[in-house]
Every structure is written in C-alpha cells, then in structure tokens.
Amino acid sequence: MLVTIGTVLKPRGLKGELKVEILYNRPTIFNNLTSVIIGNRSYLVQKSSVQNGFAYLFLVGVATIEQAETFRRQAVKVASDTLQLAADEVLSTDLIGFSVIQRGKKIGTVQSVENYGGGDFFEIALTGAGYVEVPNEDDFIAETNMTERTLTLTANALEAEMV
C-alpha cells in the first residue's frame with residue numbers, strides 16, 4: 001500500500017530540486033528516503049532534506065527546472081512498509097473497512113481516508129444512506145479498537161457536515 005507523505009509545490013533552483021509540502025506527521029521521514037513514487041513512476045532519491053517546514057528532493061534523472069516543473073502539484077508517495085511504525089502505531093488507511101460506532105450502535109463503515117493538507121478525514125458510508133467526513137481528531141474519535149475492527153465516534157461527532 002502506498003502512503004502520501006507530501007505534495008510537490010514547485011521547483012527550487014535551476015538544477016531540478018523539488019520543494020515539497022510535508023503531509024506526514026514525521027517530517028524526518030524525508031531525511032532517509034531512498035525512493036519515492038510520483039505519478040505512476042518510482043524515482044530514486046539522490047538527496048533529500050527538511051528545512052523551514054518543507055522537504056526538498058533531488059531525484060535521479062531530474063536535473064533541470066523544466067523537468068522539475070512537470071512534478072508540480074503531484075503527490076509524493078512511499079510504500080507503507082518503509083515508514084517504520086512503532087508497535088502501537090497504525091496508519092489511518094489501516095482503518096478502512098472498520099465498523100463505525102456511535103452511542104453504542106453501528107452507524108456505518110470507514111470507506112476511505114482523505115488528507116486535504118490539514119490532517120486526515122475518515123469518509124464514512126452511513127448505514128441508512130449517504131456519507132459523512134469526520135476528522136481524525138480526539139474531539140471526534142473516542143476509541144479505535146484494532147481487535148474488533150471498530151472506530152467509535154464521540155457523541156457529537158456527527159455534527160460535521162453531511163456529504
């Protein structure tokens with residue numbers, strides 16, 4: 001499974017370096033990258049760094065500003081097994097398919113996880129009909145049970161806008 005860790009903002013300089021908005025909660029992942037996936041293609045990382053809240057990447061085979069320009073607004077992804085999660089950590093995307101519980105009743109199922117740059121949102125298919133997006137934040141998520149494959153919402157979580 002691929003995980004989006006950033007979005008290419010623009011080229012930096014004339015030699016093909018990419019300025020990347022960091023979307024992953026540990027910016028240091030960019031310090032040890034050996035490869036990334038952008039579009040449908042894998043690229044070897046020649047050099048990477050994090051400065052002032054942004055990541056900067058030099059990719060093998062990208063050596064000019066014109067080549068770098070073609071990456072603008074594209075997602076930077078890595079294989080999930082490269083993230084080196086702690087034993088008690090999971091990715092938000094691991095919760096796809098979980099039953100969603102609120103006030104003791106199943107109200108739906110996690111269909112997808114979206115990230116608009118400010119954090120993850122769970123798209124929940126409601127049991128009756130329709131969808132709702134709920135932020136992955138403590139004010140909305142009361143409990144995640146990996147054994148029972150359930151995501152329990154707080155009592156007021158569905159005050160979020162229906163989709």
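How do the residues of the lining of the second largest pocket divide into nonpolar, polar and charged, and which residues lie nearest its centre? In this predicted model, the lining divides into eight nonpolar residues, seven polar residues and one charged residue. The second largest pocket, with a volume of about 290 Å³, is lined by 16 residues, and those nearest its centre are Ile29, Asn32, Leu33, Thr82 and Leu83. Strand S3 (35-38) and strand S6 (75-79) each supply at least two residues of this lining, and the largest share, three residues, comes from S3.

The largest pocket holds about 820 Å³ of space. Its lining is made up of 30 residues, of which Leu23, Ser92, Val113, Asn115 and Asp120 are the closest to the centre. Two or more lining residues are given by each of strand S1 (2-12), strand S8 (105-115), strand S9 (120-126) and S11, and the lining of the largest pocket as a whole divides into 14 nonpolar, 10 polar and six charged residues.

Strands S8, S9 and S11 also belong to an open sheet of six strands, in which the order is S10-S9-S8-S7-S12-S11 and the pairing is mixed. The edges of this sheet are formed by strand S10 (131-135) and strand S11 (141-145), each of which pairs on one side only, while the twist from one strand to the next averages 35°.

Terms used:
Residues numbered from 1 in each chain as written. Predicted model: local features only at pLDDT ≥ 70, side-chain atom pairs only at ≥ 80, totals over all residues. Heavy atoms only, no water. Pairing = 2+ DSSP bridges. Helix = DSSP H or I, 4+ residues; strand = E, 2+ residues; numbered from the N terminus. Axes fitted to C-alpha atoms, helices over the stretch in contact; angles between N-to-C directions. 1 Å grid on protein atoms, 1.4 Å probe; cavity = no way out; pocket = protein on both sides within 12 Å on 5 of 7 lines; lining within 4 Å. Points joined across faces, edges and corners; volume = space filled by probe spheres on them. Nonpolar A, V, L, I, M, F, W, Y, C, P; charged D, E, K, R; others polar.
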